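I opened the notebook to record what I looked up in this model, entry by entry.

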Amino acid sequence: ADVNTVAPWSGIDIAFKHALSSVRFAVKTADTYTGTTIKVKNINVLNAYSVADFNQGLADTDDALTLPTNACWTGHATERSYTAFTGNITVEDAAKYVHNDNTSASENKPDLILLPQALVHATKTVTVQVNYTIQSPSGNVLNQVTTLPLAGDWFRGNRYTYTVVFGLDEIYLDPTVDTWADVNSAPVI
């Protein structure tokens with residue numbers, strides 16, 4: 001135990017440390033888009049390692065076991081996909097966590113608890129895939145799937161919150177039409 005407290009009970013205080021990483025997602029819009037509705041259908045994490053070896057880093061000494069100051073994960077293998085969210089959440093300009101805003105408890109998703117790892121592997125990169133719809137003010141619905149790469153590392157004991165921001169860039173067109181070029185063709189018919 002690395003905690004020394006005075007407690008009203010007799011026993012040994014033990015501090016547990018997380019060996020894994022926690023990953024969660026929030027969604028929001030970049031601005032208020034009046035008349036437009038953006039809904040997220042699912043969020044997936046792709047190519048994350050699912051198998052590794054954990055070394056607690058305990059050293060057996062004559063006195064006692066030392067604390068795991070150099071615990072580490074090695075031998076990462078087996079890339080797979082994880083579903084962070086499946087449902088139907090309306091995106092607004094204030095960020096909201098996708099696992100907290102479901103309409104029924106059966107759809108509620110907790111944080112993903114994943115292996116700590118470098119997000120750029122030897123052959124692949126861990127990516128986030130977002131499936132969403134955009135309904136325009138006229139009622140037209142556009143289905144979209146966007147896949148974005150992640151960078152950096154996930155470390156043990158850390159919670160990572162990724163915020164997906166939806167922006168609708170406005171494109172203003174100022175079209176002109178060239179006039180027809182008249183050509184006299186021969187022979188005369």
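Is Phe 16 buried or exposed? I found Phe 16 exposed, at a relative accessible area of 75%, where buried means under 20%, exposed over 50% and partly exposed in between, with a 1.4 Å probe and protein chains only.

I noted that this is a predicted model, in which local features need pLDDT of at least 70, side-chain atom pairs count only at pLDDT 80 or more, and totals for chains, interfaces and linings use all residues. Residues are numbered from 1 along each chain as its sequence is written, and side-chain values use heavy atoms, with hydrogens and water left out.

I placed Phe 16 in the segment before strand 1 (21-29), strands being DSSP runs of E of at least two residues, numbered from the N terminus. Together with Ile 12 and Ile 14, Phe 16 makes a nonpolar surface patch of about 430 Å².

I then turned to backbone angles. Asn 47, in strand 2 (residues 37-55), has a positive phi near 70 degrees although it is not glycine. Thr 78, in strand 3 (residues 72-90), likewise has a positive phi, near 60 degrees, and counts as partly exposed at 48% relative accessibility. Most residues other than glycine have a negative phi.

Last, I checked confidence: the protein averages a pLDDT (the predictor's confidence in each residue, from 0 to 100) of 84, and 82% of the residues score at least 70. Over residues 100-107 the pLDDT is below 50, and this stretch has 8 contacts in the model beyond near neighbours in sequence, a contact meaning heavy atoms within 4.5 Å. Where pLDDT is low, the predicted coordinates should not be read in detail.

Terms used. Patches are made of residues with over 30% relative accessible area and no salt bridge: like charges are joined within 9 Å, nonpolar side chains (Val, Leu, Ile, Met, Phe, Trp, Tyr) within 5 Å. Accessible areas come from the Shrake-Rupley method with a 1.4 Å probe; for residues, only the protein chains shown count as cover. A salt bridge is a side-chain nitrogen of Lys or Arg within 4 Å of a carboxyl oxygen of Asp or Glu. Helices (H or I, at least four residues) and strands (E, at least two) are DSSP runs, numbered from the N terminus.
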